[in-house]
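Work through the following exercises with the sequence and the model in view. Try each task before reading the solution below it.

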Amino acid sequence: MLAKLKAVKEGDANLLDRSMIVYGSGNSDGNRHNHDDLPVLFVGKGGGTIAGGGHVRFPRETPITNLYLSMLERVGITAARFGDSTGKLTGLTV
């Protein structure tokens, strides 16, 4: 799927560079239903607003909804909170 998105040219970039895709789980431990230390894959550059090609580890207890709040901002939606978010993520921008 990612290769196909990258192959679609859109202006001076490709569709993958203009996208934001989150793949992962809402639980890190299915037996205990933990929602911390989540394994999440985030691909795409959000139209050039996100630095790619790296591994970012956020502090323990950082809600996944902070990522969603940051994604909303990149598509033009300004929100103070989303779910149990505590703020937007830093370290994603170009």
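**Exercise 1.** Decide whether His35 is buried, partly exposed or exposed, and then locate His35 in the chain.

*Solution.* His35 has a relative accessible area of 57%, and buried means under 20%, exposed over 50% and partly exposed in between, with a 1.4 Å probe and protein chains only, so His35 is exposed. His35 is found in the loop between S3 and S4, where helices (H or I, at least four residues) and strands (E, at least two) are DSSP runs numbered from the N terminus. Before going further, note that this is a predicted model, in which local features need pLDDT of at least 70 and side-chain atom pairs count only at pLDDT 80 or more, while totals for chains, interfaces and linings use all residues. Residues are numbered from 1 along each chain as its sequence is written, and side-chain values use heavy atoms, with hydrogens and water left out.

**Exercise 2.** Describe the secondary structure and the overall dimensions of the protein chain.

*Solution.* Begin with the elements: the protein chain has two helices and four strands, and their order along the sequence is α-β-β-β-β-α. Next, take the C-alpha trace, which spans about 45 × 30 × 20 Å along its principal axes. Finally, turn to burial, where 23% of the 94 residues count as buried.

**Exercise 3.** Name the residues of the largest nonpolar core, and follow Leu89 to the residues around it.

*Solution.* A nonpolar core is a set of buried Ala, Val, Leu, Ile, Met, Phe, Trp, Tyr and Cys residues joined through side-chain atoms within 4.5 Å. The largest one has five residues, namely Ile50, Leu67, Met71, Leu89 and Leu92. In soluble globular proteins, nonpolar side chains tend to be buried together. For Leu89, contact (heavy atoms within 4.5 Å) is made with Phe58, Thr62, Asn66, Leu67 and Ser70, once neighbours within four places in sequence are left aside.

**Exercise 4.** Which residues of H2 are buried, and against which strands do they pack?

*Solution.* The buried residues of H2 are Thr65, Asn66, Leu67, Leu69, Ser70, Met71 and Arg74. They pack against strand S3 (21-24) and strand S4 (40-43).

**Exercise 5.** Identify the aromatic pair, and explain what it ties together.

*Solution.* Rings of Phe, Tyr and Trp (its six-membered ring) pair if their centres lie within 6.5 Å, and planes under 30 degrees apart count as stacked, over 60 as edge-to-face and the rest as tilted. The structure holds one such pair, formed by Tyr68 and Phe82, which is edge-to-face with 6.2 Å centre to centre and 85 degrees between the planes. Because Tyr68 lies in helix H2 (residues 64-74) and Phe82 in the segment after H2, the pair ties together parts that are 14 residues apart in sequence. Tyr68 counts as partly exposed at 30% relative accessibility, and Phe82 is partly exposed as well, with a relative accessible area of 37%.
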